[in-house]
Amino acid sequence: MQTDRILLRPWQESDAEALYKYASDPDIGPRAGWPVHQSIEESREIIRTVFNNNETWAIVLKETGEAIGAMGYFTHATSNIPIGKNDCEVGYWVGKPHWNKGICTEALRLMIDYCINTMHFQDIWSDHFTGNPASGRVMEKCGFRDTGMLNRCSHLLGGDKDMVKIYKLERE
């Protein structure tokens with residue numbers, strides 16, 4: 001999956017240094033519900049264990065070949081929010097130097113296309129911590145609507161105390 005600027009591809013162990021570069025930033029992980037990475041080896045282990053699946057991709061800048069973020073989806077069985085059996089939840093993050101450049105919006109549009117046309121999910125859901133409204137703006141640019149629902153996601157870092165705001169993209 002690609003646009004003129006980015007490519008979504010499976011994570012590779014060789015991405016560990018780039019992942020650490022961005023995931024060690026304290027403004028990244030906690031906004032997405034995961035702890036700051038402490039070492040390149042930890043990032044490599046995340047690639048081996050958490051990202052080693054058919055639902056998670058690296059967001060790669062085509063110009064440099066560097067992995068600058070992640071995009072993925074969760075099924076009904078793995079979602080942090082109550083979604084339908086034929087629905088999915090999407091999630092994403094991108095390194096701070098790449099914020100406000102439309103990259104997350106491009107990547108999310110690619111993921112929406114994949115989830116609808118390849119995986120044939122019905123509705124697509126997403127959420128963000130209430131303290132991260134920029135993520136909600138990305139969702140809205142891609143057609144998601146605020147459901148008005150808030151949820152706690154205990155398996156996310158900070159999810160026991162901070163609420164997530166839930167969005168939904170309904171297929172027509």
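Between which two elements is the loop in which His120 is found? The loop with His120 runs between helix α4 and strand β5, the latter spanning residues 124-129. The model described here is predicted. Its protein has 172 residues, of which 47% are buried, and its secondary structure comes to five helices and seven strands.

**Fold and overall dimensions**

- Along the sequence, the elements follow the order β-α-α-α-β-β-β-α-β-α-β-β.
- The radius of gyration is 15 Å, which agrees with the value near 16 Å that a compact globule of 172 residues would have.
- Taken along the principal axes, the box filled by the C-alpha atoms is roughly 40 × 35 × 30 Å.
- Among contacts with a separation of 6 or more, 63% come from residues 24 or more positions apart.

**Surface and charge**

- The protein exposes about 8900 Å², and carbon and sulfur atoms supply 49% of that area.
- There are 19 positive and 24 negative side chains.
- The centres of these two charged sets lie 4 Å apart.

**Aromatic pairs**

- The structure holds five aromatic pairs.
- In one of them, Trp57 and Tyr114, the ring centres are 5.1 Å apart and the planes stand at 75 degrees, so the pair is edge-to-face; the cut-off for that class is over 60 degrees.
- This pair joins distant parts of the chain, with Trp57 in strand β2 (residues 56-61) and Tyr114 in helix α4 (residues 103-117), 57 residues apart.
- Trp57 has a relative accessibility of 9% and therefore counts as buried, the limit being under 20%.
- Tyr114 has a relative accessible area of 18%, so Tyr114 is buried too.
- Tyr114 also pairs with Tyr73, and here the arrangement is tilted, with 6.3 Å centre to centre and 40 degrees between the planes.
- The Tyr73 pair again links distant parts of the chain: Tyr73 lies in strand β3 (residues 67-75) and Tyr114 in helix α4, 41 residues apart.
- Both Tyr73 and Tyr114 are buried.
- Ring pairs connect Trp57, Tyr73, Tyr114 and Phe121 into a cluster.

**Loop residues with positive phi**

- Asn100 is not a glycine, yet its phi is positive, at about 60 degrees.
- The loop that holds Asn100 lies between strand β4 (88-94) and helix α4.
- With a relative accessible area of 79%, Asn100 is exposed, as the class requires over 50%.
- His120, another residue other than glycine, has a positive phi near 60 degrees.
- His120 has a relative accessible area of 58% and is therefore exposed.

- Tyr92 is part of strand β4.
- Its relative accessible area is 13%, so Tyr92 is buried.
- Leaving aside neighbours within four places in sequence, Tyr92 is in contact with Ala70, Met71, Cys104, Leu108, Ser126, Ser135, Val138 and Met139.
- Glu45 is 47 residues from Tyr92 in sequence, and the two are 19 Å apart in space, C-alpha to C-alpha.

Technical notes: Residues numbered from 1 in each chain as written. Predicted model: local features only at pLDDT ≥ 70, side-chain atom pairs only at ≥ 80, totals over all residues. Heavy atoms only, no water. Helix = DSSP H or I, 4+ residues; strand = E, 2+ residues; numbered from the N terminus. Rg over C-alpha atoms; globule rule 2.2 N^0.38 Å. Buried < 20%, exposed > 50% of the residue type's maximum accessible area, 1.4 Å probe, protein only. Contact = heavy atoms within 4.5 Å. Areas by Shrake-Rupley, 256 points an atom, 1.4 Å probe, with all protein chains shown as cover. Lys, Arg positive; Asp, Glu negative; His and termini not counted. Charge placed at Lys NZ, Arg CZ, Asp CG, Glu CD. Phe/Tyr/Trp six-rings, centres within 6.5 Å; stacked < 30°, edge-to-face > 60°.
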